Amino acid sequence: MLSRIPFLCYTYKLGSPKNERIYNEVIWTVKSLFAYLEGKAGMEKYNPKEIEQKWQKKWADEETYKTEADSSLKKYYVLEMFPYPSGNLHMGHVRNYSIGDVLARYKRMAGFNVIHPMGYDAFGMPAENAAIKHGVRPSDWTFSNIENMTRQQQTMGLSYDWDREVETCRPDYYRWTQWLFELFYKRGLAYKKAASVNWCDTCGTVLANEQVVDGKCWRCDSEVHKKSLSQWFLKITDYADELLKDLELLKGWPERVKTMQDNWIGRSEGLEFAFDFPAIGEKIPVYTTRPDTAFGVTFLALAAEHPLVEKICTNNPKAAEIKAFCEKARNQSEMERTSETSEKEGIFTGLCCVNPFNGNEVQIWVTNYVLAEYGTGAVMGVPAHDQRDWMFATKYNIPKILTIQPKGQTLNLSEMDAAYVEKEGVLVNSDKFDGMEMHAALSAIMDEAEAKGFGKRRVNYRLRDWLISRQRYWGAPIPIIHCPHCGEVLVPEEELPVKLPENVKFEQGAVSPLAQCEQFVNVKCPKCGADAKRETDTMDTFICSSWYYLRYTDPHNDKEPFAKDKVNYWGPVDQYIGGIEHAILHLLYSRFFTKVLRDAGLVSFDEPFTNLLTQGMVIKDGSKMSKSKGNVVSPEEIIAKYGADTARLFILFAAPPERDLEWSDQGVEGAWRFLNRVWRIVGQFTPLVKEGKENYDVSKLTKEETALRRVLHQTVAKVTDDVENRFTFNTAISSIMELVNELYTFQDVEMVNAGLVREVVIDLIKLLAPFSPHITEEMWNEIGGEGSVHAQKWPSFDEEAMKEDEVEIVLQINGKVRDRIVVPAEADKTAMEKAALAQPKVQQYTEGKTVVKVIAVPGKLVNIVVK
């Protein structure tokens, strides 16, 4: 390029000033020289630390991402699950937040009024454990962590409206958490009862069934055992049918998540009927989904906690033995008792009950595999048609009765080594139902039970009411006062919030620090004025996270949790993003809360989250990043070395968002190099961008320039589709990389249309903006763009510009690829066949053979079949 300048200038000097071609070439070459030199300097000047700090400060100072409700604009609510303030962000956070930020920035550029808030799920066990271990107040520990994590989030350049931040441990938030508890209480959805609960000794608190994973505490991984306590529950079972039915409304949710919720709710239809227990004058109710096997019952299995066990032990010579067995069973975890692989144990009570269908005596056993809280706490044992019952009956030599025979086959109990559990066959040994097809018999037997008055059809659920009591300090206090005269009394609304006291003692294993604080516990009854006691349990932290997305819509309201007009403008959340581990707990509870609040007239929508994206984990060396495995990569270190734009770009490019992402240092380096390439090429072409016209004559473009414009518009279409419809950010970024490669082929071209360069560079910066917001903001400013690039309209694409003039097609002989040729894009089958047969390689492979058939697929291939 440099060597041509003297020659061109000399030619121009000696030649005619009217030689416009030479004149233009001189001018362009000189401009390209300066653009080239500026691009070289730009490579040195790309200082992500300087650029990112500059724009983060400007965005904060100007409140760029602050959002207000505006009914004239179409809204879009994008939300990532808020974090627990553990102290530091990890790469999982970076991935989660980067995904959400791309969507938020894209939707703003697409013309939506976007709400994109952030906050902290700030109550919980770690803060209290820190108080025990280090002697710091939970609030101090929590707020210190929040401050650090907020700083880390801000270094990522996330487009949050920080004015909407909520922290669930602050009184201005948990005041409304308590208000909502009182709403549930008034609507008959909150109650207290004595119950056998899941207890974690390490955490010193109760766990909901959903918080026990494989018999262990979901938080600390300690063994969980049963304990009897008086506990608060929310009646989520009142909404079981609707929670199940409305899964059909969630078209934008992963099927896997909906299936998990479906299974957890566990709806079944069956028969509830009772066995007479003449020895103590009682009836024992059972529930079964298989009434077609009712004539095959040979034993009844009771839970160790069943209320009849105590009566069974009265005057029973086996009482001591039965009680010892029950104590052993109660000390086993739920996982141990119900796992398919665990040993099923029991003890015969020496007593029998009567099967109402046939009058047969049925042995009564107490077992370790039946749980009191599931069903009726009693299960009918049908060894011939249930494998667990078969194994139990075989172990304890309990009789078996075959009641279903497969069609066209005869089973014999003496020859069977397992239960017959197939869902087809005809009934035998079932009185008047013998010979009936089992599905028909199932309904007929339920009709019989209802007609005779000893049974009724019933819908049953695996789902149980939500246990929300926690015997801990760092949570929202339950706003109840216990009066010896008035019973349970709600704290008056005007006295909310019930604040957590500061003067409490933290001791390992203490039942509740609040229970030891007399100033907190001792109060007057709001109704009668008598001495009374506060409830000392706090609420499960999942209560706080079940409604936080609603508070974001009106976070500073001190008169109500949120104003109806604001929550109904912004809600529901259009796109929710978080981990699959929350598929049951948080998501199910949030759905429950939304439905209750809808019924109370506070919101006008049925579901909280219209679309759900569950992102995969970030793994390194084949396993999830963890301190114990020594494979943690610090986001701060990556940002300090490469900048947030590189970190974001890599984590969005490395894998589709729903899949696990394998960390790669080389991948980070690759993202860094790519941003440097973009920086250099934009710097080189900046003079032409400023010179170029927005409306230029595309008919004057060269063949190569037309190809570049085609790639640009194809890229815009591809990136738009990938971000808008598929969330395949990795392929979107790949398309942008291909566009940059095409643009680089023009860096040494001596003449290029300035209007085209302007169009390509401007759209390139816009396309890259949601992924890498700082560098694009800086480049936009450098090329003379007005305002913020993130406030610009998203690029549009021209269908005509995308059309190919020529396409490369494959030539096959008997299905094997033998050559490739370029043909006009509009070539029909006849033209493609003619072009293919004229190729030397095709003639070589078909010489001396008969062409049987030619198959042409326009734009793709020609396959020549020969013999």
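Tutor: Start with pairing. Two strands pair if DSSP finds at least two bridges between them. Keep in mind that this is a predicted model.

Student: How do you know that strand 10 and strand 13 pair?

Tutor: Count the bridges. Four bridges join strand 10 to strand 13 (residues 378-381). Pairing needs at least two, so the label holds. The two strands run antiparallel. Within strand 13, Met380 stands opposite Leu300.

Student: What makes strand 10 and strand 12 a pair?

Tutor: The test is again bridges. Strand 10 and strand 12 (residues 361-367) share five bridges, in the parallel sense. The cut-off is at least two, so they pair. Take Leu302: its bridge partner in strand 12 is Val366.

Student: Why is strand 10 called mostly covered?

Tutor: Buried means under 20% relative accessible area. In strand 10 (residues 299-303), five of its five residues are buried. Phe299, Ala301 and Ala303 point one way, Leu300 and Leu302 the other way, and all are buried.

Student: Why is Ile855 called partly exposed?

Tutor: Its relative accessibility is 35%. Buried is under 20% and exposed is over 50%. The value lies in between, so Ile855 counts as partly exposed. Ile855 is found in strand 31 (residues 851-857).

Student: What does Ile855 touch, leaving out residues up to four places away in sequence?

Tutor: Leu861, Val862 and Asn863. Contact means heavy atoms within 4.5 Å, so each of these has heavy atoms within that limit of Ile855.

Key: Residues are numbered from 1 along each chain as its sequence is written. This is a predicted model: local features need pLDDT of at least 70, side-chain atom pairs count only at pLDDT 80 or more; totals for chains, interfaces and linings use all residues. Side-chain values use heavy atoms; hydrogens and water are left out. Buried means under 20% relative accessible area, exposed over 50%, partly exposed in between (1.4 Å probe, protein chains only).
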